[in-house]
Amino acid sequence: MLKKELMDTVRSVKTWITAAVLLLLPMADLVRKVLYQYDPYWQYPDMYPEGLRPTDILHPSFAGFLAGGIPTHAFQQLWFWIVPIWCLLLYGDSCVREYHCKYDSLLDTRISKRKVFWTKNLAGFLIGFAVTLASVLVNYLLCVMIFPGTSFSGFEQLVGSKNATAFFDFSMTHPILIYCVYMLSFSIISGLTCCMSVSLCMLLRSYKLAYCVAFVIWFPQVSMSSRGTIIEAIQPYSLADISFLIHGITVFLISVVVTVILGYIRKVKYETL
């Protein structure tokens with residue numbers, strides 16, 4: 001059944017369009033950073049008689065999509081702030097379509113509801129994880145080729161200062177390792193958000209409700225907590241203490257677990273009664 005779910009998703013035009021948008025957002029951010037970095041040199045080469053030095057060029061890990069926008073965060077916000085919406089478009093809301101088409105009722109006569117529930121959640125995780133990892137990995141590999149520098153836009157000067165945390169110092173000392181860890185972290189977060197989206201659709205059985213509730217669950221986690229948001233687990237090189245990272249991840253995992261449990265009760269327990 002898992003293979004069928006994945007193949008059906010691969011054949012979906014909506015999934016391909018959504019995946020293309022999620023691939024283009026980091027590419028657009030990369031183009032913006034290239035212009036920001038190199039346009040003055042291209043326009044006024046006489047001002048750089050010796051060319052650009054490594055200290056004048058961004059470090060590839062700081063130029064990467066996850067590290068934030070220079071000079072704008074617009075492309076990151078388009079992805080980070082509505083992750084569940086992208087997950088619903090990628091795969092999650094297919095459960096609503098199957099419910100309205102009565103396909104899930106037919107499926108339940110051939111396969112146990114429990115297997116259907118967990119297989120769809122696994123498929124959602126794999127799709128969200130794979131699309132996200134492919135997008136940010138391609139972006140980072142291009143950054144490695146385009147930005148052969150060492151600059152962190154002045155953040156490197158904060159290492160060891162009283163305003164810097166131990167986690168920040170470690171991040172700046174091992175930037176490539178930290179960026180790779182955050183790529184994996186963001187991919188796992190996207191995969192788990194897809195699981196949450198699938199369970200939410202099985203629970204609510206409505207496109208409007210699923211999209212609205214998914215946004216309501218997610219948005220406070222990226223914008224409204226003074227103790228740390230899930231962004232701390234997505235965007236590296238933050239000056240915030242590691243406790244903010246732990247708080248953001250904890251709140252996120254609780255929301256995923258609660259949503260999955262509610263979806264399981266509705267799909268497996270309630271419909272079996």
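Start by selecting K4, D8 and R11: in this predicted model, a network of salt bridges links the three residues. Zoom in on K4 and D8, which pair up with their closest N and O atoms 2.6 Å apart. Both residues belong to helix 1 (residues 2-10), where they sit four residues apart, about one turn of the helix.

Next, select S12. A side-chain oxygen of S12 reaches to within 3.4 Å of the backbone nitrogen of K14, at the start of helix 2. Now show helix 2 from end to end, residues 13-43. How far apart are its end C-alpha atoms? They are 42 Å apart, which agrees with the 45 Å that 31 residues should span at 1.5 Å a residue. Follow the helix along to Q37, where helix 2 bends by about 40°. A proline, P40, follows within four residues of that bend.

Stay in helix 2 and pick D29 and K33. This pair forms a salt bridge, with 2.9 Å between the closest N and O atoms. D29 and K33 are four residues apart, about one turn of the helix. Are they buried or exposed? D29 counts as buried because its relative accessibility is 1%, under the 20% cut-off, and K33 is buried with a relative accessible area of 0%.

Now select K120 and E98, another salt bridge, whose closest N and O atoms are 2.8 Å apart. K120 lies in helix 8 (residues 113-146) and E98 in helix 6 (residues 94-100), so the pair ties together parts that are 22 residues apart in sequence. Both K120 and E98 are buried.

Move on to S206, in the loop between helix 10 (175-204) and helix 11 (207-223). With a relative accessibility of 18%, S206 counts as buried. Which backbone nitrogens does its side chain reach? The side chain of S206 reaches the backbone nitrogen of K208 at 3.5 Å and the backbone nitrogen of L209 at 3.3 Å.

For the last stop, show the surface and select I254, V257, V258, I261, L262 and I265. Together these residues make a nonpolar surface patch of about 500 Å². Click on I261, which lies in helix 12 (residues 242-270). I261 is partly exposed, with a relative accessible area of 44%.

How values were computed
Residues numbered from 1 in each chain as written. Predicted model: local features only at pLDDT ≥ 70, side-chain atom pairs only at ≥ 80, totals over all residues. Heavy atoms only, no water. Helix = DSSP H or I, 4+ residues; strand = E, 2+ residues; numbered from the N terminus. Expected span 1.5 Å × (residues − 1). Bend = angle between axes of the 7 residues up to and from the residue. Polar contact = N/O pair within 3.5 Å; in protein donor to acceptor, adjacent residues only side chain to side chain. Buried < 20%, exposed > 50% of the residue type's maximum accessible area, 1.4 Å probe, protein only. Patch = residues over 30% accessible without salt bridge, like charges linked within 9 Å, V, L, I, M, F, W, Y side chains within 5 Å. Areas by Shrake-Rupley, 256 points an atom, 1.4 Å probe, with all protein chains shown as cover. Salt bridge = Lys/Arg side-chain N within 4 Å of Asp/Glu carboxyl O.
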